[in-house]
Amino acid sequence: MHTIFIVIDLILLVVLVWFYIQNIRLNRALKDKNVQLETTIMELKAAQVKLMESGKRGAVAALSAGLLHQISQPITAIHGFVRFMKKEMDINSPFYKPVCVMDEQSFYIKDMLANLMELIRHRKIQKTETNINTVIYKSINLLLDELRIRRIGWDMQLDDHIPFIYGDALHLQQVFMNLVVNAMEALSEKPHGQTRALLLTSQYEIENNQAVIIFKDNGPGITHEHQAKIFDPFFSTKTQGSGIGLALCQDLVNEHGGNISVQSNQEGTIFTVKLPCVRLDKVVKGVAHETS
């Protein structure tokens, strides 16, 4: 009889141990499910934010496209009229050279509006093996007159041994021009007589096989609070800014597999763009240093 009770006790003990082990397993499984649930909730929130931002950007893109279309019509008319004046004017006239300048500038504006229209309409990215230094030269060349007018001293220090990147030159040119324009606007806030300087550099980061393009100005800088929001859609430190320029730049750089960041203090601002290179054996060499 005593033996029977011992056996029953052992059986009960085994059952209790089994329940204890199952309880531990259930608790672990429950914790794992909770972690998965929290992760899923975070991913859903992130997706929701992206969808909201995508909707905002879509609305802005549609509005911007409409505005650009309205602006391009009078610009096209002005350009046509200036070309007619130039054609009919005597080349010895004292007004001939100013009209030539008007012709060039109106064509530049017309071309820029067309490029912006393509950019806002999300023209399909056409990636090719691209010389990043050539893109930088073209970007700065289109803004030379504005740099002179604003009395901004500028310099370029470009590494001629950067491998090609795989990207869309037109889109990247728009990114670089936007960053230069932002720097010019910041530098214009400096009092008359103070030095206004802009430095563009490119270098090859061999450990990550990427091109690093840096835009450095000695403007008044961006506050730490604003730096955290600078790439947010609709955020702008300018009273008349739309707040889509840098957000669009970030989108385009991200679509190229790269990233863009900002550092700033009272001594100036640095925007850094990093883009992945193609192959180490395809190196940028012999770029013509044209700045006219």
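Helices and strands are taken as DSSP runs, numbered from the N terminus. On this basis N209 is placed in the loop between β4 (197-205) and β5 (210-217). In this predicted model, N209 has a positive phi of about 50 degrees, although the residue is not a glycine. With a relative accessibility of 22%, N209 counts as partly exposed, because that class begins where the buried class, under 20%, ends. A positive phi, of about 55 degrees, is also found at R151, again not a glycine. R151 lies in the loop that separates α4 (144-149) from β2 (153-158). The relative accessible area of R151 is 66%, so the residue is exposed.

The protein comprises 7 helices and 7 strands. Read from the N terminus, the order of elements is α-α-β-α-α-β-β-α-β-β-α-α-β-β. Of the 292 residues in the protein, 33% are buried. Among contacts with a separation of 6 or more, 74% are between residues 24 or more positions apart.

The largest nonpolar core contains 41 residues, and the members with the most contacts inside this core are I132, F176, I213, F215, F271 and V273. Helix α5 (residues 169-187) supplies the largest share of the core, 9 residues. When residues up to four places away in sequence are not counted, F176 touches I132, V135, I136, S139, I213, F215 and V273.

Helix α7 (residues 245-255) packs with α5 at an angle of about 145 degrees, and the two axes are 10 Å apart. The crossing of α5 and α7 is left-handed. On the α5 side the contact is made by H171, V175, N178, L179 and N182, and on the α7 side by G245, L246, C249, L252 and V253. The residues of this contact comprise 6 nonpolar and 4 polar, with no charged residue.

Cysteine residues were considered separately. The structure holds 0 disulfides. C100 has a relative accessibility of 16% and therefore counts as buried. C277, at 10% relative accessibility, likewise counts as buried. Both values fall under the 20% limit that defines the buried class.

Key
Residues are numbered from 1 along each chain as its sequence is written. This is a predicted model: local features need pLDDT of at least 70, side-chain atom pairs count only at pLDDT 80 or more; totals for chains, interfaces and linings use all residues. Side-chain values use heavy atoms; hydrogens and water are left out. A nonpolar core is a set of buried Ala, Val, Leu, Ile, Met, Phe, Trp, Tyr and Cys residues joined through side-chain atoms within 4.5 Å. Buried means under 20% relative accessible area, exposed over 50%, partly exposed in between (1.4 Å probe, protein chains only). Helices (H or I, at least four residues) and strands (E, at least two) are DSSP runs, numbered from the N terminus. Contact means heavy atoms within 4.5 Å. A disulfide is a pair of cysteine sulfur atoms within 2.5 Å. Axes are lines fitted to C-alpha atoms, for helices over the stretch in contact, and angles run from 0 to 180 degrees between N-to-C directions. A crossing is left-handed if the near helix is turned anticlockwise from the far one by less than a right angle, and right-handed if clockwise. Ala, Val, Leu, Ile, Met, Phe, Trp, Tyr, Cys and Pro count as nonpolar, Asp, Glu, Lys and Arg as charged, and the others, Gly among them, as polar.
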